[in-house]
Amino acid sequence: GSRNDSINYYLNKPRKMRMFTWNGPDTMLFSTIDSLRYCKKLLHTGFMVMNPYKGKVMAWIGGINYEFFKYDHVQQSVRQPGSTFKAFVYGAAMENGFLPCHRIPDRHIRYEYDEDSAGIKVHRKWTPTNAGGGFSGRSITLRHAIGRSINSVAVQLTAELGKQKAEKEGETISSMSLAVQRGAGVVADFARKCGISTPLDVRPSIGLGSSDVCVYDMVGAYSVFLNSGFWQEPTLVAVIKDKKGKIIREFI
């Protein structure tokens with residue numbers, strides 16, 4: 001009920017519990033609060049390896065120990081992919097006629113846009129920066145920009161994609177702020193074509209990896225770049241045979 005003193009007493013009362021350690025399971029004298037503090041310090045991650053041409057999953061490690069942590073960090077867990085998502089910005093650009101030699105200045109830019117947050121219109125101001133915090137001011141090719149993972153170019157390229165899409169549909173974009181919003185949708189659409197099924201938060205920073213995705217989606221989507229533009233669905237089961245070795249069904 002509402003008796004906080006009793007709740008705190010039992011949460012902090014020590015008792016023997018079986019806990020995960022890097023040397024194997026161990027019995028410790030922990031309170032519930034102690035166990036939470038202990039578990040929060042453990043590093044968790046997901047790991048997946050896949051043949052990009054056939055889709056065969058070679059390795060799938062969902063966590064450090066399933067007995068203690070029944071949570072899959074490959075397909076259940078979602079995290080911000082960061083600059084690995086830039087591949088979909090440049091992929092969308094190539095698909096829409098941009099060439100690797102296309103140039104965009106590495107410069108300070110500022111975008112203002114309106115966003116619907118829980119049914120309320122919110123005015124946003126955003127100034128993307130590069131990893132080093134500075135801008136060279138030089139005109140840079142897309143080939144060089146993706147190689148150096150330059151944020152300012154990726155965002156401006158997103159805006160150019162939005163402006164191009166609007167022009168194709170006979171619309172006029174009045175500002176680059178509106179263009180980058182429109183371009184975010186182009187990037188999201190391309191990412192979905194590549195196999196990203198995680199719901200994407202379509203906003204101007206999408207190309208910098210601000211929208212959470214799972215490892216499973218990212219590995220499958222990256223197969224597109226290695227497999228001549230074709231997506232291969234990650235496949236865990238290669239073949240099913242009966243007890244006599246007769247093939248019932250092949251998946252790869």
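This is a predicted model: local features need pLDDT of at least 70, side-chain atom pairs count only at pLDDT 80 or more; totals for chains, interfaces and linings use all residues.
Among the residues involved, Arg15 has Phe30 in β2 as its bridge partner. The two strands form a hairpin in which six residues lie between β1 and β2, and within this turn Gly24 adopts a positive phi of about 115 degrees.

Helix α3 (residues 86–95) and helix α5 (residues 151–168) have axes that come within 10 Å and cross at roughly 40 degrees. Because oblique angles are those left over once the roughly parallel class (under 35 degrees), the roughly perpendicular class (65 to 115) and the roughly antiparallel class (over 145) are set aside, α3 is oblique to α5. The crossing of these two helices is left-handed. On the side of α3, the contact involves Lys86, Val89, Tyr90, Ala92 and Ala93, which meet Asn151, Val153, Ala154, Leu157, Thr158 and Leu161 in α5. The residues of this contact comprise eight nonpolar, two polar and one charged.

A search of the whole structure finds eleven aromatic pairs. One of them is formed by Phe20 and Phe68, whose ring centres are 6.1 Å apart and whose planes stand at 65 degrees, so that the pair is edge-to-face. This pair links distant parts of the chain, since Phe20 lies in the loop between β1 and β2, whereas Phe68 lies in the loop between β4 (57–61) and α3, 48 residues apart.

How values were computed:
Residues are numbered from 1 along each chain as its sequence is written. Side-chain values use heavy atoms; hydrogens and water are left out. Two strands pair if DSSP finds at least two bridges between them. Helices (H or I, at least four residues) and strands (E, at least two) are DSSP runs, numbered from the N terminus. Axes are lines fitted to C-alpha atoms, for helices over the stretch in contact, and angles run from 0 to 180 degrees between N-to-C directions. A crossing is left-handed if the near helix is turned anticlockwise from the far one by less than a right angle, and right-handed if clockwise. Contact means heavy atoms within 4.5 Å. Ala, Val, Leu, Ile, Met, Phe, Trp, Tyr, Cys and Pro count as nonpolar, Asp, Glu, Lys and Arg as charged, and the others, Gly among them, as polar. Rings of Phe, Tyr and Trp (its six-membered ring) pair if their centres lie within 6.5 Å; planes under 30 degrees apart count as stacked, over 60 as edge-to-face and the rest as tilted.
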